[in-house]
Amino acid sequence: MKAIAIVAGLLGTVPAWAHHSFAAEFDRNKVVNITGTIIKMEWVNPHAWIHVAAKNPDGTTTEWMIEANTPNGLLRRGFTKKSLEEGTEVIIRGYQAKSGDNKANGSSMTFKDGKKLFLGSSSGDEEPEKQAK
Amino acid sequence: MKRIILLSLLAVGIVSAQAPAAKQAPKQYVPAKTPWGDPDLQGNWPGSINIPLQRPENMGERSVLTEAEKKTRDTAGKQRATTGTWIEYYPATEQASLVVDPKNGRLPPMTPEAERRNKAVRGGLGPPTLSSPEQRAESVDDFDLWGRCITKGLVGSMLPGNLYNKGNRIIQAPGIFVIQNEMVHETRIIPTDGRPHRGKDIRTYMGDGRGHWEGNTMVVETTNFVKDIAMNGINFALLTDQLRIVERFNRTAQDKLSYDATVEDPGTWARPWTMHVDYPLDPTYDLFEYACHEANYGMADILKGARMEEQRKAKQ
């Protein structure tokens with residue numbers, strides 16, 4: 001099973017209103033689904049960053065950086081410091097950076113128990129209010 | 001004895017009931033005083049409300065939304081938060097636009113000189129905006145001051161909006177009025193002791209504010225802005241050194257802060273204009289440090305992405 005599935009496809013328009021332009025930084029046509037474990041989370045403005053170790057089929061790991069919402073925005077949507085302890089297994093859906101680096105804008109994060117948290121942008125998942133509960 | 005008291009009370013009651021009901025004007029809220037005697041405006045006043053800067057032209061001079069219009073705006077705000085990027089949902093209010101003067105709720109026209117000035121920037125592309133790096137990202141000059149983690153300026157820092165991190169905090173001390181904005185980590189420490197402005201050659205992005213009390217209203221006059229920078233969120237016009245902003249802070253209820261800002265720059269707009277916001281008190285809203293530059297990975301990502309795109313096109 002491929003740990004990282006890159007799915008190219010045309011997505012709906014993603015508005016580009018934030019501290020910086022979404023469309024300038026990320027490729028909205030390059031959706032990534034990353035399965036891995038949490039290395040650390042940077043609770044920083046203007047956007048929090050989540051570091052994930054994704055397992056490759058050959059047993060090695062690749063580190064991904066996932067850009068998320070602001071710390072305050074994440075807190076209001078159900079995130080706490082305990083949500084992402086080191087080693088937590090997650091599946092992250094997002095859009096890869098145009099630079100081609102292993103960076104992505106995160107839209108949602110799914111835990112082993114099926115619980116989802118909204119990371120900041122939409123990829124057609126269910127409403128963030130519902131996910132946070 | 002008990003009967004006499006009872007009768008007396010009844011009599012007082014009858015007299016009270018028969019007294020003509022005087023028409024009373026609504027009581028004006030009087031804010032509490034600080035220990036040193038100034039009106040107390042302190043607290044967390046987030047601008048987490050959804051009011052656009054300008055009003056749709058077809059609304060004319062109508063400044064209040066109908067219930068249906070308010071619901072439509074509120075629903076659109078929810079939709080943006082659900083499908084947008086990093087956007088938070090803030091409820092709509094009945095206020096049609098932030099701009100309240102001119103009466104049509106729209107910014108006055110820019111002067112021909114300002115139009116010419118804007119067109120001369122970046123080889124005709126105009127002042128950088130939030131989204132301009134999508135068209136060109138050659139250097140940091142293609143990013144606006146917010147994207148560069150420098151400032152949102154005035155009145156950009158005070159704008160409520162449908163984005164995120166709209167916390168504002170007011171702190172007072174004797175002779176000092178402090179306004180702290182969560183977004184881009186701004187703090188204005190404004191003297192209220194009557195001292196004059198700095199010399200006209202000392203200019204800063206947030207300007208030089210001086211405050212004084214008019215009754216219970218704190219009036220802050222700010223000058224000495226850096227010229228030729230864009231006012232974030234306001235037309236992205238390049239401003240001149242004639243920019244002067246007068247703000248009025250008035251606690252009109254225990255949980256409401258009335259805010260007006262009158263902006264004048266005869267080198268940019270044909271006439272002054274005024275915006276108004278009623279900030280709600282929210283003691284539970286705490287400001288989170290906005291150490292923007294240290295974590296602005298987006299800047300490098302965008303510049304690198306643009307170079308990769310150039311290489312890809314060159315190979316085609």
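P102(B) lies in the loop that runs between β2 (99-101) and α3 (112-119) of chain B; helices (H or I, at least four residues) and strands (E, at least two) are DSSP runs, numbered from the N terminus. The bond between D101(B) and P102(B) is a cis peptide, with omega at about 5 degrees. The model is predicted, so to speak of a local feature takes pLDDT of at least 70 and to count a side-chain atom pair takes pLDDT 80 or more, while totals for chains, interfaces and linings use all residues. Residues are numbered from 1 along each chain as its sequence is written, chains are lettered from A and ligands numbered from 1 in the order written, and side-chain values use heavy atoms, leaving out hydrogens and water.

Another cis peptide bond turns up between L154(B) and V155(B), this time with omega at about 0 degrees. V155(B) sits in the loop between α3 and β3 (168-173) of chain B. C149(B) is found in the loop between α3 and β3 of chain B too, and it has a positive phi of about 65 degrees despite not being a glycine. With a relative accessible area of 12%, C149(B) is buried (under 20%; exposed is over 50% and partly exposed in between, with a 1.4 Å probe and protein chains only). V184(B), likewise not a glycine, has a positive phi near 65 degrees. Its place is the loop between β4 and β5 (186-191) of chain B, and at 5% relative accessibility V184(B) is buried.

V155(B) comes up again in the largest nonpolar core, which has 38 residues. Such a core is a set of buried Ala, Val, Leu, Ile, Met, Phe, Trp, Tyr and Cys residues joined through side-chain atoms within 4.5 Å. Within this one, V155(B), M231(B), F249(B) and W273(B) touch the most other members. Five strands of chain B each put in at least two residues: β4 (176-181), β7 (217-223), β8 (244-253), β9 (256-264) and β10 (273-280). Apart from that core there is another, made of 21 residues, including I50(A), W64(A), L74(A) and A104(A).

As for charged contacts, 21 salt bridges (a side-chain nitrogen of Lys or Arg within 4 Å of a carboxyl oxygen of Asp or Glu) are found over all chains. K112(A) and E89(A) form one of them, at 3.9 Å from N to O. This pair ties together distant parts of the chain, 23 residues apart: K112(A) is in the loop between β6 (103-111) and β7 (116-118) of chain A, and E89(A) is in strand β5 (residues 89-97) of chain A. K112(A) is exposed, at 70% relative accessible area, while E89(A) is partly exposed, at 43%.

Other salt bridges reach from one chain to the other. K304(B) meets D101(A) at 2.7 Å, N to O. This pair joins two chains, since K304(B) lies in helix α4 (residues 297-315) of chain B and D101(A) in the loop between β5 and β6 of chain A. K304(B) is partly exposed, at 37% relative accessibility, and D101(A) is partly exposed as well, at 22%. D301(B) pairs with K103(A), their closest N and O atoms 2.8 Å apart. Here D301(B) belongs to helix α4 of chain B and K103(A) to strand β6 of chain A, so two chains are joined again. D301(B) is buried, at 2% relative accessibility, and K103(A) is buried too, at 13%. R122(B), R136(B) and D142(B), meanwhile, make up one network through salt bridges that share partners.
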